[in-house]
Amino acid sequence: MRRLLPDLGLAAFLLAALTAAEFLYRNELLVFNFTIFFILAQGLNAIYGFTGYLPFGYVGFFGAGAYGFALAVMHLGSAPLPALGLAGAAGLALGLLLTPLLRLSGAYFAIANLAAAQAVYQVIANPALEPLTRGPYGVSLASVFAPRASFLAALALLALLLGVVIWLRRGEMGLALKAIRDDPLSAAMAGIPVVRLRVLAWLVSALAAALAGGIYAWHISVFYPETVFDLSFSVFAIVFTLFGGAATLSGPILGAALLYGLYNLIGITVPQYFQLIYGALIVALMLFLPRGLLSLLTDRGHDVP
Amino acid sequence: MTSPEPPAAPPLLEVRGLVKRFGGFRALDGVSFTLRAGEILGLVGPNGSGKTTTLNVISGLYAPEAGEVRFAGRPLRGLSPRARVHRGINRTFQSPRPFASLSVRENVRLAARFGGRDAAPERIEALLERLGLARWAARPAAELNTGQQKRLDLARALATRPRLLLVDEIAAGLNPAELESMAELLAALAAGGTALLVVEHLLGFLGRLTERVIVMNAGREIFEGRLAEASRDAEVVRVFLGEAARR
Amino acid sequence: MLLHALAGGLVYGCYFALLGLGLNLVFGVMRIVNLAHGDLIMLGAMAAYFLYHLAGLSPLWAAPLVAGGFFLLALPLYAALLPRLLAAREAEMLSFTLFFGLQQIIEALAAIAFGPSERSLPARSLAAGPIVLLGQSVPKSWAFSALVAVIAIGLFYLSLHHTRLGLFTRAVMASPEEAAASGIDLSRISAIAFGLGVALAGLAGVFAPFMLGSVTPAMGASLNLVAFATVVVGSLGAPLGTIFGGLVYGVGLLLMQTYFSTWADLLPDLLLIAILLFRPSGLLGRRLRVA
Ligand SMILES: Nc1ncnc2c1ncn2[C@@H]1O[C@H](COP(=O)(O)OP(=O)(O)OP(=O)(O)O)[C@@H](O)[C@H]1O
Ligand SMILES: [Mg+2]
């Protein structure tokens, strides 16, 4: 239990800070977006940090969740919470459909996953499906618009996800996943259920993104396919996680806080300059600090949350 | 040194007529032998003769094209490596394969927990002690040298409580003192009832463990019998002299 | 209809093969996925645009100029990035992410320098009018682009199979360890392969305005998926499979556009996933060795 204290403390601090900001700060959309990116970064951390699979098409789950939510509201007249259930189901279904991709390794997996996200986008945005998805013309969910409630839902999801990551980090499960990442064959010989655990991590990660997508749809309520399938969601989640340090709790939080902060300072007014800084940051990171900022501390033997 | 079992007891491992092809190439071409509980069988042969492939087939990494493997009287066909681990089969690797980013203790603990279903700390510490790894227990496995990593492979295998242990060239790269304690350890395992299939190039080391060997060449057994007699067998001599000449 | 799609598909296929060739060469030699490949193609297209509009240079003249220039520019880039990367423990994933960063840099710089406007080259800058192929009329500018692609691929084939450098390159592709053990200078081969990969991207870019429509700084990312699809269909790591991949992809795309136009954009994605899952070594490749 004592080992858990720093992790739990950090999680509690983050949740409290977001809540305070939401209620005290005028720009509540900004606070909401921060929350969404904390979720996406931790969700990606669960799969990349512990299994080594880098899902470049992570946004596919986010978009699927957003449209799962939208379809439930538009066609079934669902209330927001059941619609979120459908968002999660959409993400899980997509995740299950894509489990065969886990047979691929390294760059093959990343590319195939990117192509899969692209394919989902093209199906949803297809004019031929206009009666169902409104195709490229976007959806409006004004009937369920509720910024405060959707923010609280995001906060709850973040809390849950932080719990999952803490459990992965400190428990046998995360250890087993790292063993699989290091050497799947040895893992099998150690009696670890390799396929089952990989799929589990994959689905947890997919579910997190899909629920985040559903909540996002609920919060912004009017959006187009490009909005929720924007590759930036994948990219941001990946860069935030790598920047801070994967397989830690604080790494993705640190990355998201610093870089999404930077994005809001300069990214919105001069996106090209932001993209330039971003690209340079990634290159420098991969060359000089491939395991993220926190590796400066962990390599010296400090135990960071 | 092999403990004479009552002849009625069924063998623990029965291997019959294994054939394993890679493309058009036959890596195993009809391999058969049996092994009883508590017995040690040596498997020798020149490079590429199919020794590791034999272990890979028994541990379930490759499915054979023909032949069968029975363990404790039941066929293993179709079982995954992990299912075989749970039946009581484990192995070490010719070049060790630790979980590099985990600590030595975590390596063993995972195998004890998932493979042996008993991760009692005392058992793990005892295993680390027995394999001479206790001093490195908290270090990342990546930092161990090859000899230590081979012992870690063995510790992980033992943590799953195997009844049959497949050992692939564990002596290569060990110093004399390490060889001595490794031989003692393996002999003690056999004395405790574990069956051992030991692939080994170092015949001196093997001779300390067992008299009974199989000599393989090009996927076939060319000799089965006493180690001392193998060196007088014409074909064995030809195969090994041929190899010596190639080097 | 069918013949028209086939004729167009073959012409496009040759061009797609060129689009993927450099990507595949770099992967074959260094096991590195150059995610900036599409953006290098975009830069080649920009170069062709400015050479034509500022210097009045026809794309046919621009082609060797761009290819040569890109090759020379690639060498310092190689020296700055790759030796460090290739020495790292997880080189494949690191390089994947690093080249993604490079892609972002190129895209941002291009957006700053060129703005978001769409640029195009008139067909007559290459060749005006139609040409008859399989009894179908096809724009001459397409046919010329395809011809240049065929020539470039042919030259590439000859140098890979009939020069010492090509022999060394094939040795490295088969097994870097064994190649190094037999005295081949790995980093020299890698640098040249990287330079050639970039040069081929630039060359493909010169003809992009005719084959892919107008040029914008943001076009690179989607080109990557197309290039990957052709490469993977052929066989990742085997440059000559790319020709086959290009043809399959080109004909497939034009058939889709003719008969299922609304769903044609799905083709590269689905093809990529299907091949990776069911024939991971490509349609032509032999089965990869596992574990
Ligand atoms: N996965 C594989 N794919 C293709 N060929 C293989 C594979 N595994 C082994 N081989 C080939 O099968 C033959 C037997 O290999 P094996 O590893 O069993 O030899 P070995 O007797 O263990 O030799 P060594 O003493 O060198 O370890 C070799 O020619 C090897 O190249
Ligand atoms: Mg061997």
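How many residues of chain A are in contact with chain C, and how many of chain C with chain A? Taking contact as heavy atoms within 4.5 Å, 37 residues of chain A meet 36 residues of chain C. This is a predicted model, so local features need pLDDT of at least 70 and side-chain atom pairs count only at pLDDT 80 or more, while totals for chains, interfaces and linings use all residues. Residues are numbered from 1 along each chain as its sequence is written, chains are lettered from A and ligands numbered from 1 in the order in which they are written, and side-chain values use heavy atoms, with hydrogens and water left out.

The A–C interface buries about 3,500 Å², 79% of it on carbon and sulfur atoms; buried area here is the accessible area (1.4 Å probe) that two parts lose on being put together, summed over both. Tyr108(A), Ile111(A) and Leu287(A) supply 18% of what chain A buries against chain C, more than any other three residues. No salt bridges turn up across this interface, the rule being a side-chain nitrogen of Lys or Arg within 4 Å of a carboxyl oxygen of Asp or Glu. α5(A) gives the most, with 13 residues.

Turning to chain B, the contact takes 18 residues from chain A and 24 residues from chain B. The area buried between these two chains is about 1,800 Å², with 66% from carbon and sulfur atoms. Glu172(A), Leu175(A) and Met189(A) account for 35% of the area that chain A buries here, more than any other three residues. The rule finds three salt bridges across the A–B interface. In one of them, Glu172(A) is joined to Arg109(B), the closest N and O atoms being 3.1 Å apart. From chain A, α8 (172–182) and α9 (184–189) each give two or more residues to the side touching chain B, and α8(A) has the largest share, seven residues.

Note on methods
Helices (H or I, at least four residues) and strands (E, at least two) are DSSP runs, numbered from the N terminus.
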